[in-house]
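This briefing describes the architecture of the protein shown below, by topic. It begins with the terms on which the description rests.

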Amino acid sequence: MRNIVLILLSLGVCFLIPGYSSGEDLYQLAISSGNDLQTIGELPIRYFGRFQTETEDNILISIDPLKTDVLDRLKSPYRKLATASEGKTFFWIYPNPRKSLPDPLLSVELARDREGILVDISREEAERLSAEGFPIRLMVSLPIGIASTAPKSLMGGRKGWVASPKPVIQEMMGQVTESQVYTYTGDLTGVWPVTIGETPYTISTRNSYRTAEIQKAGQHLYEFYKKLGLEVAAEEFICWDTLQRNIVAQKKGSVFPERIIAITSHYDDMPNSIPAPGADDNASGTVGVMLAAEILSKYDFGRTLRFINFAAEEQGLGGSSHHAWKSYCSGEDLEAVINLDMIAWNTAGSLPDMEIHASPMIPASLDLSELLQNIIEGYGLGLVPSINKSGSGRSDHASFWGFQFPALMATESSKDFNPNYHSSRDTLSSFENLNYYLDMIKAGVALVAHLGGLVEEGWGYLGGKVIQAETSEPLPNVSITIQNPSWGYALSTTTDGNGRYNQRVVSGNHSLTYKINGYAPKTISEVLVAKDETVTRDVSLLPGNFYSLIYLPLIIKDYAPKKGCP
Ligand SMILES: [Zn+2]
């Protein structure tokens with residue numbers, strides 16, 4: 001019974017959420033301002049996500065053919081892409097840098113973004129394209145309202161803060177060793193047997209439809225995290241009639257356990273035939289997540305760190321859609337998602353290029369990307385990072401973008417595309433530059449370490465009272481941003497009804513910025529907090545015509561009921 005309930009709750013991806021099957025027409029709608037979004041959000045339509053063409057921002061929606069007159073009330077231009085029919089599936093198909101998209105596919109193109117094309121094809125056809133080496137993404141209807149708020153910036157608007165490397169993070173990066181990377185990759189790709197459930201087993205494939213084999217791979221990951229002493233769960237969902245499992249491990253934060261930093265990879269692979277080693281795609285990212293868990297679990301972090309290996313990515317981002325949807329529906333404060341997909345391929349002698357993909361719709365994802373770039377430079381890693389501000393939607397981070405979570409993808413260069421992509425030749429022995437692979441993992445580990453809020457020097461408290469300068473009345477709801485240069489982000493708190501605030505902070509030097517509409521903002525810096533000390537700073541604010549931008553919380557927790565949530 002329990003299992004049945006569990007499975008019912010976890011139905012949702014690949015079948016239920018896509019839901020473009022109820023006889024609705026599919027439209028592309030150009031958007032120009034937040035006001036448009038507000039209006040559109042109130043219409044009886046379903047939302048399938050945003051995309052950008054060279055010239056404009058668009059959203060994809062579906063609507064009952066009898067209600068299309070509501071579109072005429074909008075000022076935005078729209079275009080019908082497909083007519084109502086039962087059981088249709090739509091996929092985004094992305095070109096492979098070594099192969100252009102087949103002509104017959106181009107002739108059925110419905111829409112095109114900066115990267116790929118949207119087509120109305122069957123699941124079987126889409127998976128055949130995936131097997132030929134074209135990344136696919138199932139178009140999933142999102143349960144959210146369209147007019148969502150921009151996620152807050154983790155860094156409080158401050159840039160370039162990794163001025164010098166932190167020795168303790170350098171020490172963590174030093175724990176990414178060639179022998180471990182080699183061993184873990186060989187374990188996952190069937191180079192030698194591994195012990196799974198106390199029995200030696202060789203993982204010959206991690207293809208989503210090879211149920212027995214991929215379950216073993218999932219169990220291997222589950223046991224790995226369990227051994228590290230982490231909480232682990234196999235998160236089950238149904239995708240295309242098969243039971244799939246994301247492996248989710250977690251280390252609770254010691255200060256703000258509700259704030260979560262996730263590092264992710266998909267562990268399923270291609271081709272459909274055996275062997276399917278999938279060493280670069282994506283044992284490499286998975287080994288990155290495993291090592292991040294192994295190394296970071298030895299340290300104390302303020303935030304919760306989550307280590308996720310997704311299933312069914314190759315079927316259209318199944319596992320990540322499921323997880324992102326669940327996170328959204330349960331109101332999780334998922335502050336950053338770092339997705340590693342294909343991080344081991346670098347042709348010998350070529351530049352060690354690294355691509356970082358951010359979403360132009362989510363400024364916080366760009367902040368994250370700049371932080372990663374900063375870390376690579378600050379720690380002198382042998383990588384040449386470049387940020388794609390209008391990043392690719394072809395991997396799991398895109399599922400999080402769909403729910404407005406700040407996410408990025410770190411990946412190898414598409415200009416040096418792996419010639420063994422989605423073939424049985426994608427093996428550990430094919431890798432030409434293990435140092436590149438190691439540095440990609442180190443970058444991921446360091447980024448999570450910076451974001452996690454390392455509890456290194458101990459903790460103290462910062463508190464005080466904020467008053468109106470002329471009347472000395474206490475000021476409630478003042479937004480206070482606290483920055484500590486040794487942290488990778490800003491903390492924020494607000495004053496209570498008596499104008500008081502009290503925030504636990506890592507010891508060290510801080511700067512505090514006080515903001516509330518109608519008052520001149522104030523910043524005080526060089527506030528030193530020693531371990532176990534409480535430092536008080538009382539502040540008075542002068543009234544005036546000042547308006548400040550206050551970042552809204554990422555998740556509006558009491559926004560109920562949420563569209564599309566169980
Ligand atoms: Zn992949």
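Two strands are taken to pair if DSSP finds at least two bridges between them. Helices (H or I, at least four residues) and strands (E, at least two) are DSSP runs, numbered from the N terminus. The model is predicted: local features need pLDDT of at least 70 and side-chain atom pairs count only at pLDDT 80 or more, while totals for chains, interfaces and linings use all residues. Residues are numbered from 1 along each chain as its sequence is written.

**Overall composition**

- The protein contains 13 helices and 26 strands.
- Of its 566 residues, 49% are buried; a residue is buried if 20 or more other C-beta atoms, placed from the backbone, lie within 10 Å of its own.
- Among contacts with a separation of 6 or more, 78% join residues 24 or more positions apart; two residues are in contact if their C-beta atoms, placed from the backbone, lie within 7 Å.

**Strand E1 and its partners**

- Strand E1 (residues 25-31) is joined to strand E3 (residues 57-63) by 7 bridges, and the two run antiparallel.
- In this pairing, Ile 31 has Asp 57 of E3 as its bridge partner.
- E1 also runs antiparallel to strand E4 (residues 78-82), with 4 bridges between them.
- Leu 29 stands opposite Tyr 78 in E4.

**The eight-stranded sheet**

- An open sheet of 8 strands has the order E11-E12-E14-E13-E15-E18-E16-E17, with mixed pairing.
- Its edge strands are E11 (231-239) and E17, each of which pairs on one side only.
- From one strand to the next, the twist averages 20°; axes are lines fitted to C-alpha atoms, for helices over the stretch in contact, and angles run from 0 to 180 degrees between N-to-C directions.
- E16 and E17 pair in the parallel sense over 5 bridges, and Ile 356 stands opposite Ile 387 in E17.

**Helix H11**

- The 16 residues of helix H11 (residues 363-378) should span 22 Å at 1.5 Å a residue, and its end C-alpha atoms are 22 Å apart, which agrees; the expected span is 1.5 Å times one less than the number of residues.
- The buried residues of H11 include Ala 364, Leu 368, Leu 371, Leu 372, Ile 375 and Ile 376.
- An α-helix has 3.6 residues a turn, so residues three or four places apart point the same way.
- The buried residues of H11 pack against strands E15 (333-340), E16 (353-357), E17 (384-388) and E18 (407-412), and against helix H13 (434-452).
- Gly 380, which follows H11, has a positive phi, near 60°.

**The H6–H13 contact**

- Helix H6 (residues 167-174) packs with H13 at an angle of about 145°, and their axes are 9 Å apart.
- The contact comprises Ile 169, Met 172 and Met 173 of H6, together with Lys 442, Val 445, Ala 446, Ala 449 and His 450 of H13.
- These residues divide into 6 nonpolar, 1 polar and 1 charged; Ala, Val, Leu, Ile, Met, Phe, Trp, Tyr, Cys and Pro count as nonpolar, Asp, Glu, Lys and Arg as charged, and the others, Gly among them, as polar.

**The four-stranded sheet**

- A further open sheet has 4 strands in the order E21-E20-E23-E24, with antiparallel pairing.
- Strand E21 (490-494) and strand E24 (522-529) stand at the edges, each with a single partner strand, so one side of each lacks a neighbour in the sheet.
- The twist in this sheet averages 25° from one strand to the next.
- Strand E20 (residues 479-483) is joined to E21 by 5 bridges, and Ile 480 stands opposite Thr 493 in E21.

Note on methods
Buried ≥ 20, exposed ≤ 12 C-beta atoms within 10 Å, placed from the backbone.
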